[in-house]
Structures are given as structure tokens and as C-alpha cells.
Amino acid sequence: MTNHIDLHVGKRLRRRRRLLGLTQQSLAEQVGIRFQQIQKYECGANRVSAARLFELSEALSVPIQYFYEGLSSNDPLFNAPDPDVIAPDVLSKKETMDLVRAYYSMGETPRKHLLDLAKSLEANTKPNLRLVAR
């Protein structure tokens with residue numbers, strides 16, 4: 001039976017793997033398991049052991065706490081009441097990851113122009129949304 005914590009850890013695992021542009025197969029190879037196990041972790045079907053979580057955190061270059069961020073009601077990412085904060089799960093969307101990869105594949109000058117354009121468009125549409133950085 002799937003537990004909400006296992007689902008949360010799985011979503012965070014998938015988000016970080018995608019952000020790094022890794023396939024399930026490549027991540028699985030780094031930690032010495034099969035890609036099907038990564039699939040099960042990501043959908044919350046299998047629980048991630050403490051040892052495996054450590055290995056995954058090393059492979060994904062994040063502290064172990066990363067997998068639990070936003071889970072506790074004491075965490076500022078949990079049910080953030082501020083309407084000007086962009087939801088943390090925006091980084092798990094494919095469109096966002098495609099945009100980030102495309103942005104960083106550009107040279108510095110085009111990136112600056114694109115950022116300036118985005119800021120000017122933002123100023124005309126919605127007042128100052130900000131992403132909670134962790």
C-alpha cells in the first residue's frame with residue numbers, strides 16, 4: 001500500500017533526476033539497481049531504504065533532506081499560504097525542464113536578453129511572483 005511519504009519522496013526523486021537530465025536507466029546504473037526499481041520508487045510503489053536513499057542522494061548531488069522538503073507542516077514549502085509564491089512542483093513539469101535546459105544551452109548574451117524579455121513580460125502580467133529557493 002502506498003504511503004503519502006513514499007509518494008512525496010518518489011516525486012522529489014523524479015524531479016531531481018529530470019532536472020539533471022538523467023534517465024531512469026542511467027540513475028539505476030549509478031546506484032547498482034535496475035531501472036524498474038527507480039520506477040517503483042518514483043511512483044511510491046516501493047519504499048526507499050535509508051541506505052538506498054543515501055546512494056540516490058549522492059548520485060543526484062543533493063542532501064538527503066532534499067527528499068523530505070515540503071513534507072512537514074513546519075517546512076515553509078508545505079501549504080505555502082503566500083499567493084505570490086510559485087508552487088514547488090513547477091520544477092517537476094517537463095515544460096519547465098525543457099525551458100531551463102534550452103536557456104542554459106544559450107550563450108551568455110542571448111540568455112541575458114531572454115531574461116530581460118521575460119522580466120518585462122512578467123511586469124505587464126502579474127505582480128512579482130517568486131519561487132521559494134531551497
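In what order do the elements of the protein chain run from the N terminus on? The order is α-α-α-α-β-α-α-β. The model is predicted; local features need pLDDT of at least 70, side-chain atom pairs count only at pLDDT 80 or more, and totals for chains, interfaces and linings use all residues. Residues are numbered from 1 along each chain as its sequence is written, and side-chain values use heavy atoms, with hydrogens and water left out.

**View 1. The whole protein chain.** The chain holds six helices and two strands. Helices (H or I, at least four residues) and strands (E, at least two) are DSSP runs, numbered from the N terminus. Of the 134 residues, 27% count as buried; buried means under 20% relative accessible area, exposed over 50%, and partly exposed in between (1.4 Å probe, protein chains only). Among contacts (heavy atoms within 4.5 Å) between residues at least 6 apart in sequence, 60% join residues at least 24 apart.

View 2. Leaving aside residues up to four places away in sequence, Leu27 touches Leu13, Arg17, Leu22, Ile38, Leu56, Ala59 and Leu60. In soluble globular proteins, nonpolar side chains tend to be buried together.

**View 3. The packing of α1 against α3.** The axes of these helices come within 6 Å and cross at roughly 120 degrees. Axes are lines fitted to C-alpha atoms, for helices over the stretch in contact, and angles run from 0 to 180 degrees between N-to-C directions. α1 and α3 are therefore oblique to each other; angles under 35 degrees count as roughly parallel, over 145 as roughly antiparallel, 65 to 115 as roughly perpendicular and the rest as oblique. From α1, Asp6, Leu7, Gly10, Lys11, Leu13, Arg14 and Arg17 meet Ile38, Tyr41, Glu42 and Cys43 of α3. By class, five of the residues in this contact are nonpolar, one is polar and five are charged. Ala, Val, Leu, Ile, Met, Phe, Trp, Tyr, Cys and Pro count as nonpolar, Asp, Glu, Lys and Arg as charged, and the others, Gly among them, as polar.

**View 4. The packing of α2 against α3.** Here the angle is about 105 degrees, with the axes 8 Å apart, so α2 and α3 are roughly perpendicular to each other. Gln24, Gln25, Leu27 and Ala28 in α2 meet Phe35, Ile38, Gln39 and Glu42 in α3. The contact has four nonpolar, three polar and one charged residues.

**View 5. His8 in α1.** His8 lies in helix α1 and is buried, with a relative accessible area of 17%. Beyond residues up to four places away in sequence, His8 touches Phe67, Tyr68, Glu69, Gly70 and Leu71.

View 6. Ser61 lies in the loop between α4 and β1 (85–86). Ser61 is not a glycine, yet has a positive phi of about 55 degrees. Most residues other than glycine have a negative phi. At 58% relative accessibility, Ser61 counts as exposed.
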